[in-house]
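Dear colleague,

I am handing over the structure below, and after it I set out what was found there. Please read the notes alongside the coordinates when you have time.

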Amino acid sequence: MREIAIVAAKEFRDGLRNRWVLATTLAFAVLAIALAWFGAAAAGQIGFTRISTTIVSLASLAVFLIPLIALMMAYDSIVGEDEKGTLLLLMAYPISRVGLLAGKFLGHAGMLALSTALGFGIAAAVIGLVAEEAAFADLLGPFSLFIGSAILLGWAFLALAYLISTITREKARAAGLALLAWFLFVLIYDLALLGVLVGTEGRVDQGLFQVLLLINPTDVFRLVNLTGFEEAAAASGMLSVVAEQGFSVGRLMGILAAWTVLPLALAAALFAARRH
């Protein structure tokens with residue numbers, strides 16, 4: 001465990017030195033504050049409106065931004081070390097391959113969690129201080145759930161990035177696969193589901209449709225943040241179909257956690273089985 005902690009601390013320090021944490025924290029905070037104030041501009045309204053509107057707007061932002069940041073942060077974690085020739089050097093230290101991968105993942109996970117909590121936490125604090133309609137007590141619950149689910153979403157895509165980095169032998173190919181994964185999960189998947197709904201005129205088995213939504217971590221993240229906001233769920237299109245089924249937040253968070261554990265476990269197994 002000590003060796004894993006050393007590797008994690010080194011990755012975390014590298015992230016601080018490279019300004020990853022600072023850049024992502026500022027991006028999250030500025031974009032979140034801007035969305036909270038200008039999210040209802042299309043309806044002719046400027047300023048903070050409702051907590052439900054703000055959380056749904058932030059979820060729409062996070063579902064595009066966080067997976068991309070997580071994938072770009074870690075796609076070269078293993079293959080990059082391999083290309084630079086430093087992977088063999090790292091393997092010479094008294095740490096197993098699984099321990100090395102776990103340490104690097106924990107370092108990246110800590111960076112992403114810190115920048116997510118700080119960025120969106122700053123936005124919540126600014127809204128609480130400036131907006132007369134929003135009290136800190138009212139913001140605490142929804143923003144805590146949003147930040148927690150956003151961190152799990154980031155970890156899920158970090159795990160996918162480690163899986164990609166483990167199965168590829170070239171950094172350029174890993175970058176391409178990471179972008180492909182982002183397009184697939186964030187853009188193409190929901191468009192395909194929407195196409196199925198339109199093509200079948202809505203005659204899709206409800207059980208099958210729920211399963212199809214729950215196997216995409218970005219849709220699970222949206223569902224977590226729709227839970228408890230009936231008005232927002234009704235306005236969210238096809239996601240309201242499942243929101244009405246009353247999935248518990250704990251179950252949805254568990255699915256997001258599984259999206260972290262399973263790809264990471266597969267990456268660890270494949271990395272341990274590699275001959276060099």
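A residue is called buried here when its relative accessible area is under 20%. By that cut-off T218, at 0% relative accessibility, counts as buried, and this residue is found in helix α10. Leaving aside neighbours within four places in sequence, T218 is in contact with V63, P67, L153, F157, F185 and V186. Please keep in mind throughout that this is a predicted model.

As for the whole, the protein has 13 helices and zero strands, and 48% of its 276 residues count as buried. Among the contacts with a separation of 6 or more, 82% are accounted for by residues 24 or more positions apart. The protein exposes about 13100 Å², of which carbon and sulfur atoms supply 68%.

After the helix comes E201, with a positive phi near 55°.

Which residues of α8 are buried? They are A174, A175, A178, A181, W182, F185, V186, Y189, D190, L193 and L197. In an α-helix there are 3.6 residues a turn, so residues three or four places apart point the same way. The buried residues of α8 pack against α3 (51–74), α4 (79–84), α7 (136–167), α9 (206–214), α10 (217–226) and α13 (249–273). Two of the buried residues, F185 and V186, are also among the contacts of T218.

Turning to the aromatic side chains, a search of the whole structure finds nine aromatic pairs. For F28 and F120, the ring centres are 4.9 Å apart and the planes lie at 20°, so this pair is stacked. Because F28 belongs to helix α2 (residues 20–38) and F120 to helix α6 (residues 97–130), the pair ties together parts that are 92 residues apart in sequence. Both F28 and F120 are buried, and together with F143, F146 and F221 they form one aromatic cluster. A ring is involved in another way at F271, where the charged end of R97 sits over the ring, 5.3 Å from its centre.

Helix α2 is also the place of T25, which counts as buried at 8% relative accessibility. Leaving aside neighbours within four places in sequence, the contacts of T25 are S115, L118, G119 and I122.

The C-alpha atoms of V249 and V224 are separated by 5.8 Å, although the two residues are 25 residues apart along the chain.

Methods: Residues are numbered from 1 along each chain as its sequence is written. This is a predicted model: local features need pLDDT of at least 70, side-chain atom pairs count only at pLDDT 80 or more; totals for chains, interfaces and linings use all residues. Side-chain values use heavy atoms; hydrogens and water are left out. Buried means under 20% relative accessible area, exposed over 50%, partly exposed in between (1.4 Å probe, protein chains only). Helices (H or I, at least four residues) and strands (E, at least two) are DSSP runs, numbered from the N terminus. Contact means heavy atoms within 4.5 Å. Rings of Phe, Tyr and Trp (its six-membered ring) pair if their centres lie within 6.5 Å; planes under 30 degrees apart count as stacked, over 60 as edge-to-face and the rest as tilted. A charge sits over a ring if NZ of Lys or CZ of Arg is within 6 Å of the ring centre and within 35 degrees of the ring normal. Accessible areas come from the Shrake-Rupley method with a 1.4 Å probe; for residues, only the protein chains shown count as cover.
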